[in-house]
Amino acid sequence: MASFRLSKLIVVFVLAHSSSGTSLAAGHSREVPLWPEDSRVLQDGIDALADEKWAVTHPSLLFYPPKVRSTRSAILVFPGGGYKALAIGPHSTIGPDGADVCKWLTDAGVTCILVKYRVPNTGCNWNRETRRHDAPDTPMALQDAQRAISIVRYNASDYGIDPDKIGVMGFSAGGNLAILASTAFNARSYDPIDAIDHVSPRPDFAIPVYPGHMTMEHKNKTPKAIAAQELNTDIVVSPDVPPTLLIHAKDDAVDPVHYSLVYERELKKAGADVDLILYGTGGHAFGVRKQGKATDRWTEDALLWLRKIGIL
């Protein structure tokens, strides 16, 4: 997410609880912690985030089971928030704790899993004091994403999920995280701690929705006009990137449409399977909320795409 009015937006974010004990809203069937309490990955994160006022230190998965006959597919959803917060508060356009996006998916027979990954400053983010983009020394958000995918795949039979039908979806910074998870699967971002980490973290498909942090602008490269047309070097494309559907509005003033255009171009160059759907109106952070704009139909288009690639 770009360097914008985060202080205004933060009031609508649920900055998820910093302890693992959380109460679940209606619709969640379970909450699963990502890391054992005594794991070095978790403890290092707790130490690193100790001075952050709204830190999420105990990442977890919220499970929403299908409301109709299951397709045995699953989508892990990464909310936005600029890697500063998690945009899953009461006014979120994906619903509190992702309930609205998950209702859409579960009504289609998909298990929806909301990923509460660690924040803040756990991925590429804007430093308001230095007026520059920062990259964390330890990519905790990516660690959480990789661990989350492996947990779901490792337990697929228990969850009633086909281990070859596990995808990722993300919004804004979460869209960036979905892209990192679907490109960095050959190199785990932490040392394996148990059998789960020997299961592939590669998603079978990806749906990044208005993804952020996509170009070399976010590496502070200048001139900006050139940097805007170069893919962020954090993202390494290959023919093995899973089928990807990019969703973006042309009038997005926060994460401009060229972010998705550049990524689509590079995926095509690499020989990966990619589709990009652009909408004339919708702005930024539309989530699954209807607003009388062209983006209102993106959820229908995404289901058509999922059918096309054999997930539904």
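Are Phe171 and Trp298 buried or exposed? Phe171 is buried, and Trp298 is buried too. Here, buried means under 20% relative accessible area, exposed means over 50%, and partly exposed lies in between (1.4 Å probe, protein chains only).

## About the model

This is a predicted model: local features need pLDDT of at least 70, side-chain atom pairs count only at pLDDT 80 or more, and totals for chains, interfaces and linings use all residues. Residues are numbered from 1 along each chain as its sequence is written, and side-chain values use heavy atoms, with hydrogens and water left out.

## The sheet

Eight strands form an open sheet with mixed pairing. Their order is E1-E2-E4-E3-E7-E8-E9-E10. The edge strands are E1 (30-33) and E10 (274-279), each pairing on one side only. On average, neighbouring strands are turned by 20° against each other, direction ignored. Strands (E, at least two residues) and helices (H or I, at least four) are DSSP runs, numbered from the N terminus. Two strands pair if DSSP finds at least two bridges between them. Strands of a sheet pair through backbone hydrogen bonds, either parallel or antiparallel.

E1 and E2 pair in the antiparallel sense over four bridges. Arg30 has Phe63 in E2 as its bridge partner. Helix H3 packs on the sheet and touches E2, E3, E4 and E7. The direction of H3 makes about 160° with that of E4. Contact means heavy atoms within 4.5 Å. Axes are lines fitted to C-alpha atoms, for helices over the stretch in contact, and angles run from 0 to 180 degrees between N-to-C directions.

## Strand E3

Strand E3 covers residues 73-78, and six of its six residues are buried, so the strand is largely enclosed by the rest of the structure. Both faces are covered. Ser73, Ile75 and Val77 are buried on one side, and Ala74, Leu76 and Phe78 on the other.

E3 pairs with strand E4 (residues 110-116) in the parallel sense, over five bridges. Leu76 stands opposite Ile113 in E4. The chain crosses from E3 through H3 (residues 99-107) to E4, and this β-α-β crossover is right-handed. Right-handed means that, with the strands pointing away from the viewer, the path from the first strand over the helix to the second runs clockwise. E3 also pairs with strand E7 (residues 166-171), in the parallel sense and over five bridges. There, Phe78 stands opposite Gly170.

## Aromatic rings

Rings of Phe, Tyr and Trp (its six-membered ring) pair if their centres lie within 6.5 Å; planes under 30 degrees apart count as stacked, over 60 as edge-to-face and the rest as tilted. The count comes to nine aromatic pairs. Phe63 and Tyr159 form a tilted pair, 4.7 Å centre to centre with 55° between the planes. Phe63 lies in strand E2 (residues 60-64) and Tyr159 in helix H5 (residues 156-159), so the pair ties together parts 96 residues apart in sequence. Both Phe63 and Tyr159 are buried.

Phe171 and Trp298 form an edge-to-face pair, 6.1 Å centre to centre with 75° between the planes. Phe171 is in E7 and Trp298 in helix H9 (residues 298-308), 127 residues apart. Trp104, Phe171, Tyr210, Phe286 and Trp298 form one aromatic cluster.

## Charges over rings

The charged end of Arg30 sits over the ring of Phe63, 5.4 Å from its centre. The charged end of Arg202 sits over the ring of Phe185, 5.5 Å from its centre. The rule asks for NZ of Lys or CZ of Arg within 6 Å of the ring centre and within 35 degrees of the ring normal.
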